[in-house]
Amino acid sequence: MQSELTLTREPIDEAAWLARRAMAREMGAAVCFSGVVRGTEGGEAIAAIEYEACERMARHQIELLFQRMEERWPVQSVRMAHRLGRVGAGETALWVEVIAPHRQEAFAACQFIIDEMKRAVPIWKKPLAVSKPPTFCL
Amino acid sequence: MFPRGGGSCRVGTVQFRVCFFARGRELAGCAEAVESMPPGSCVKELLGKLFRRFPRLVELRKSLRVAVGLDYQSGDCVLRDGDEVSILPPTQGG
């Protein structure tokens with residue numbers, strides 16, 4: 001399985017990621033997920049979310065998740081980009097693409113990686129409200 | 001941060017760097033601290049010492065996870081001299 005991981009403080013250029021997609025002839029499903037910063041948090045309007053990571057550990061834990069995914073599904077490739085730092089409302093904070101032979105395993109593997117990201121990868125977010133001092137989500 | 005251990009300890013103690021993140025950093029009031037403990041000390045004992053040194057951290061007592069190096073560890077993980085210990089509030093990636 002091929003994998004690519006980027007943790008970046010720059011905007012995620014989804015068109016550029018899509019343009020670099022390479023599918024083997026045996027592959028029939030490409031599932032993409034874009035996690036976008038909502039303009040509200042807990043009913044309050046927010047301007048952005050500040051993402052913080054323990055970066056080296058985050059990279060290591062994501063690679064472990066990729067390995068677990070490969071053990072469960074016949075995935076050809078997984079590519080992931082996660083923003084760090086300030087991400088404005090409406091901007092993409094997480095982009096994931098999974099390529100597999102069939103849609104069932106592509107959807108399942110993509111769902112798995114996103115769910116496990118939230119559980120195991122040391123990344124935190126702090127909503128930046130328009131009018132209140134920021135506090136971390138817990 | 002990796003591999004584990006490799007520090008130069010004083011006789012009778014092991015020393016580790018402790019890193020705080022996100023809400024944990026705010027409650028501790030610092031991003032890093034150095035702790036020394038007797039050889040054979042474990043993560044649970046280190047946490048007890050940290051809660052005494054940084055009492056506001058108790059707010060996260062039930063939800064904190066601990067990593068040594070790059071991997072999560074349980075409370076009975078024995079710490080080695082030179083380890084880097086990360087104190088991690090609940091994660092929220094994505």
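Q: What makes the largest set of 55 residues a nonpolar core?
A: A nonpolar core is a set of buried Ala, Val, Leu, Ile, Met, Phe, Trp, Tyr and Cys residues joined through C-beta atoms within 7 Å. A residue is buried if 20 or more other C-beta atoms lie within 10 Å of its own (exposed if 12 or fewer, partly exposed in between; C-beta atoms are placed from the backbone). The largest such core here has 55 residues, and those with the most contacts inside it are Met69(A), Val75(A), Val98(A), Ala109(A) and Ile113(A). In soluble globular proteins, nonpolar side chains tend to be buried together.

This is a predicted model: local features need pLDDT of at least 70, side-chain atom pairs count only at pLDDT 80 or more, and totals for chains, interfaces and linings use all residues. Residues are numbered from 1 along each chain as its sequence is written, while chains are lettered from A and ligands numbered from 1 in the order in which they are written.

Q: Which strand gives this core its largest share?
A: Strand S7 (residues 92–100) of chain A does, with seven residues. Strands (E, at least two residues) and helices (H or I, at least four) are DSSP runs, numbered from the N terminus.

Q: Which residues does Ile113(A) touch, not counting residues up to four places away in sequence?
A: They are Leu65(A), Met69(A), Val78(A) and Val96(A). Touching, or being in contact, means that the C-beta atoms of two residues, placed from the backbone, lie within 7 Å.

Q: Why is Pro122(A) called buried?
A: Pro122(A) has 26 C-beta neighbours inside 10 Å, so it counts as buried. This residue is found in the loop between H3 and S8 of chain A. Its contacts beyond four places in sequence include Met57(A), along with Phe21(B), Leu88(B) and Thr91(B) from chain B. Pro122(A) and Met57(A) are 65 residues apart in sequence and 7.0 Å apart in space, C-alpha to C-alpha.

Q: How do you know that S2(A) and S7(A) pair?
A: Two strands pair if DSSP finds at least two bridges between them. S2(A) and S7(A) have eight bridges and run in the antiparallel sense, so they pass that test. Within this pairing, Val31(A) stands opposite Val98(A) in S7(A). Strands of a sheet pair through backbone hydrogen bonds, either parallel or antiparallel.

Q: Which strands of chain B form an open sheet, and in what order?
A: Five strands form it in the order S2-S1-S5-S3-S4, with mixed pairing. The edge strands are S2 (32–37) and S4 (71–73) of chain B. In this sheet the twist averages 35° from one strand to the next.

Q: Why is Ala22(B) called buried?
A: Ala22(B) counts as buried because it has 27 C-beta neighbours inside 10 Å. Its place is in helix H1 (residues 22–28) of chain B. Ala22(B) also has a positive phi of about 50° although it is not a glycine.

Q: How many residues of chain A are in contact with chain B?
A: There are 21, and they are in contact with 15 residues of chain B. The largest share of that side of chain A, five residues, comes from H3(A). The side of chain A that touches chain B divides into 13 nonpolar, three polar and five charged residues. Here Ala, Val, Leu, Ile, Met, Phe, Trp, Tyr, Cys and Pro count as nonpolar, Asp, Glu, Lys and Arg as charged, and the others, Gly among them, as polar.

Q: What pLDDT does chain B average?
A: Chain B averages 90, and 86% of the residues score at least 70. The pLDDT is the predictor's confidence in each residue, from 0 to 100. For the complex, the predictor gives an ipTM of 0.86 and a pTM of 0.90.

Notes
Axes fitted to C-alpha atoms, helices over the stretch in contact; angles between N-to-C directions.
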